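Thanks for making the time this morning. I would like to walk through one model with you, slowly, and keep to what can be read from its coordinates.

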Amino acid sequence: MSAMFRATQILRADVAGSMKSMGQSMQNMKPDAMKGPNKQQDTVLKRGARRDPELYVLLGIMSGAFGLAGWYFGRKPTSATSEAEVSVANSSMPWEVEGDHDHEDHSKHFKYQYHPRGDKGSTKNAPSALNTVVIPNVTLPRDLRLLRAIIRAPASASSRTITRIGTTTTSGLRAPNEKRQQTRHFSILNRPPPNYPGHVPLTFIERLGLAAGSAIASLANPRRGDMIAALGEATAQPFFIRRLKERMLADPTGRRILRDRPRITSKTMSLERLRKLPDNTVGRTYAAWLDREGVTPDTRDQVRYIDDEEEAYVMQRYRECHDFYHAVTGLPIFVEGEVGLKAFEFANTGLPMTGLSLAAILRLKPAERQRMFETYLPWAFSNGLKSKDVINVYWEEELETDVEDLRARLGIEQPPDLRQTRKQIRDAKKAAKEAKQTVGVDGVIL
Amino acid sequence: MLSRSASKSSRYICKACRSTINASRKRKFGTNSITLNPTSDDIYDVVTVGGGPVGLALLAALKTSPSTSHLKCLLVESQSLAKQKSWSLPPDAYSNRASSITPTNQSFLEAIEAWRHLDLTRVQPYDEMQVWDAGNAASIQFDWSAEAIKYNAPLRTVATMVENSNLSRGLLRRIEDVGAEESLMSGWNVKGIGNGIDDPEGCNLSTWPVLELQQIGSEGSQNTKQIATRLLIGADGINSPVRTFAGINTNGWDYGRHGVVATLQVESSSDPASPFQNSVSNDDFDSALEDFLSDDPKSSSSSSQPNFENITPSNRATAFQRFLPALGGPIAILPLPNNHASLVWSTTPQIASYLKSLSPSAFTATVNAALRLEQVDIQYLFSLPTTISEPNNTTPHESELTWRLQHTKSTLPSRSPPWITALQPNTIASFPLRLRNATSYIAPRIALAGDAAHTIHPLAGQGLNLGLGDAECLSRTIRYAVEHGMDIGDLMALQGYSGERYAAAVRVSTGVDLLNKVYQISSGDGLVGSLLGAARGLGMRAVGMVPGVREAIMRTVD
């Protein structure tokens, strides 16, 4: 430290000298003259500032001092018990003095006294008119039982201050009328009880995290049905699923579905029975589609993250009917078909997850993307918007109706069969490739 | 020479006089000309056309005040006032037209000594109004509890529910009491209004309004009368002939809504309509009280001082209003004595006619639904058929209500609305809602009061209150004019009335209209609709939480 100090001695002498000369030239008050000789001094100053270690120490000390001051002033300016630290002399509030049973010594009587029931033998201190209200012998409303809590709790010094009278705290005003259940703050350490079996209540941040994580996971691997389901549940609240539920409630069939609460599982949808139905019925098409794609009705996850029990059912119903939408529109299960169907569902139900799934278009091959933009997206949006709500179709009752009939009733046109289109293109490509290969072997067309 | 002097002198007629002269040639209603030849019997000081509460209150006020009791007054009403006077209903039946009277108007009625002639067992003072919205979870409570707690006083009344017939009958009794029954002319129709003629041997009645009256039920000109009056007061309702005669236009529009009224029976709750008839006494509370009042404190002094400051005084009755933006307007349940309530539901004409066609049990289920369920559910109820009933005799409305109540998240206010149990038979009625304001409330020798001057939306229950305020102000103006020797019909004498009442009426009617507009912007379902609902909820919460705003609002309609 001292070595550094000595090393900078020359610099400091320079600085000191320049300061002196600057002082002298200041007295002359010639602004132009100041520029010339001081230019050198400026650079010296700058250099000094950069190199002079004293300044760093000074910086440290000053920041420490200001930081300390800031911390001291910035911490809790008043606390609930800040009054308790005020020391009060014993007799400074004589009306608070209690228990002076010395009836003879009148100098100690600071309170008004009276003889209860006219009995001259005993005296009682009258209650203070300032900070107590006494309403004897009335039957108070049941609401005021809450006051029991106030009475039983040890009265702190603050509850008896004079200033209480002037202020009417709004919490006090509302307390008797407020709802009885005390809502504690919902946090990860304090989850409310589930509203239905399997319910997992999430805080807002947890929901946000779930939405973000499941969006990334489902984009990375569109086969992750559970991630898509979680994305749907995380983004549907509070508005979109409520709107879907209200659409169901506005429709008579939708209301019946909400009353009956039918579930689609392999137990309730007997596939053997469906396979026996005539060919162009909804049930047969559904069974055929399930067999073609190799799935069962049991592949759907349970709804877990939606808080309202009825809205959870709506979400579950939407999920379970998804296969029926495939059957009615004929879109296949690979990514292209799923994206097309999700676009249709977005236009029809408005759930945000269906809209977000359209990001999967980025994962499609260029030819698929072109097909999507040319054919399937326009089909999906125009049909989804103009057709009736598919959530309001009571599928269990429509199993034996004609598929064309149902499509006409709902107002859905069938898009071109994607599986066939792709097969045709694949076959054409294979034929072209074989043709090229056979040409290439001999150079002669066989 | 003569003509020149005449033309010269005509330049010295001031503009006001010239306009009156011209006006007297223009003002007419319903008649081509009135050749008046009234005897001195038929010249009156004040003639009021219209025997509703406003006209009757004005007559009672004029006859009560000693300065104006000598005026020759007449009240013309086409319906039978004798029937009004003999109106009576059993104690458990209430008329479906009931209005809430503010404390100011109650003081006015007490000052003219009409209040004691009302059947006070049939009036219900209420001290709280709960308002909430179907589009969000906000609610606001209007009461004077802040004042009551501050001054440790009982709750002040917000308003008093009085049946209109009760009020009219009380006023008629007062008029009889003060000996002015001959001033009442009931059963007479106003056939026309015109101006009198300048009788060279008699009076110059060319600027005085002259009414041609015809007794109802008589054809021909047997029972007609002509009366002239110094001051003609129009208290004759929204299509006032007096206003037409005066040439006063109105501004306003029809809301395209109907107000459905009915009398309902409600379930008695633990807070009945009597001040001290409240619930079970709390033994623990009593024992705490005993400890406090006893002589020997058990432990340290501090624990024996319970805090009694935050007691809200007990409530007598509560009025409820729920806004239903998607269904046309608010539904209000106003308390009446003996567990009855008056319903006022502003809604679209289609829904109003549907409600009127419902059976009583379906109607009560719908009203209960309107107070508790979501708007989509209430809208669905309006699509149900009105005649089919399911087995065990329940209507589809009731079964829908039972089902949806299980699944509706409660967004009720802190004091929940009562459960409607029954509908009093033959009390459902509806009337169209309109906004009208006359461009002027006065004209030479004409004054308008009540609905003739202004008609507003029933959302805040202020229509009759404005009318009674008009009656009070007009009686005060006439008294002032008489005491200062003025011509009571002169425009200058009436200016005080117009100045005071015009601004007040426009303020209230504009405020109520704006509030109605705010609560009608809902755009059904959709993102915009729910965002607007959230915005309204924030506004309502802000009004409730900012100290003083609630009290300011209540003071304007006090």
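What you see is a predicted model, in which local features need pLDDT of at least 70 and side-chain atom pairs count only at pLDDT 80 or more, while totals for chains, interfaces and linings use all residues. Residues are numbered from 1 along each chain as its sequence is written, chains are lettered from A and ligands numbered from 1 in the order in which they are written, and side-chain values use heavy atoms, with hydrogens and water left out.

For the complex, the predictor gives an ipTM of 0.76 and a pTM of 0.72. Chain B has a mean pLDDT of 84, with 82% of its residues at 70 or more, where pLDDT is the predictor's confidence in each residue, from 0 to 100. Residues 1–10 of chain B have a pLDDT below 50, and beyond near neighbours in sequence this stretch has one contact in the model, contact meaning heavy atoms within 4.5 Å. The pLDDT is also below 50 over residues 271–284 of chain B, but that stretch has 29 contacts beyond near neighbours in sequence.

Chain A contains 18 helices and two strands; these are DSSP runs numbered from the N terminus, helices being H or I with at least four residues and strands E with at least two. Of its 446 residues, 36% count as buried, and here buried means under 20% relative accessible area, exposed over 50%, and partly exposed in between, with a 1.4 Å probe and protein chains only.

Helix 10 of chain A, residues 252–260, has Gly254(A), Arg255(A), Ile257(A) and Leu258(A) as its buried residues. Seen down the helix axis, these fall within an arc of 155°, so they line one face of helix 10; the arc is that of the directions from the axis to the C-beta atoms. What do the buried residues of helix 10 of chain A pack against? They pack against helix 9 and helix 13 of chain A, together with helix 12 and helix 13 of chain B.

Also in chain A, a cis peptide bond joins Gln237(A) and Pro238(A), with omega at about -10°, and Pro238(A) lies in the loop between helix 8 and helix 9. As background, most peptide bonds are trans.

Moving to chain B, helix 16 covers residues 527–545, and its buried residues are Gly529(B), Gly533(B), Arg536(B), Gly537(B) and Met540(B). They fall within an arc of 105° seen down the axis, so they line one face of helix 16. The face turned away from that buried side carries the exposed residues Val528(B), Leu531(B), Leu538(B) and Met545(B). Among the elements covering the buried residues are strand 5, strand 6, strand 13 and helix 15 of chain B.

Two of those covering elements, strand 5 and strand 6 of chain B, pair in the antiparallel sense over four bridges, pairing requiring that DSSP find at least two bridges between them. A hairpin of five residues joins strand 5 to strand 6, and Val131(B) has Ile140(B) as its bridge partner in strand 6.

Finally, is Leu343(B) buried or exposed? Leu343(B), in strand 15 of chain B, counts as buried because its relative accessibility is 0%. Its contacts, not counting residues up to four places away in sequence, include Val261(B), Ile333(B) and Phe363(B).

How values were computed: Expected span 1.5 Å × (residues − 1).
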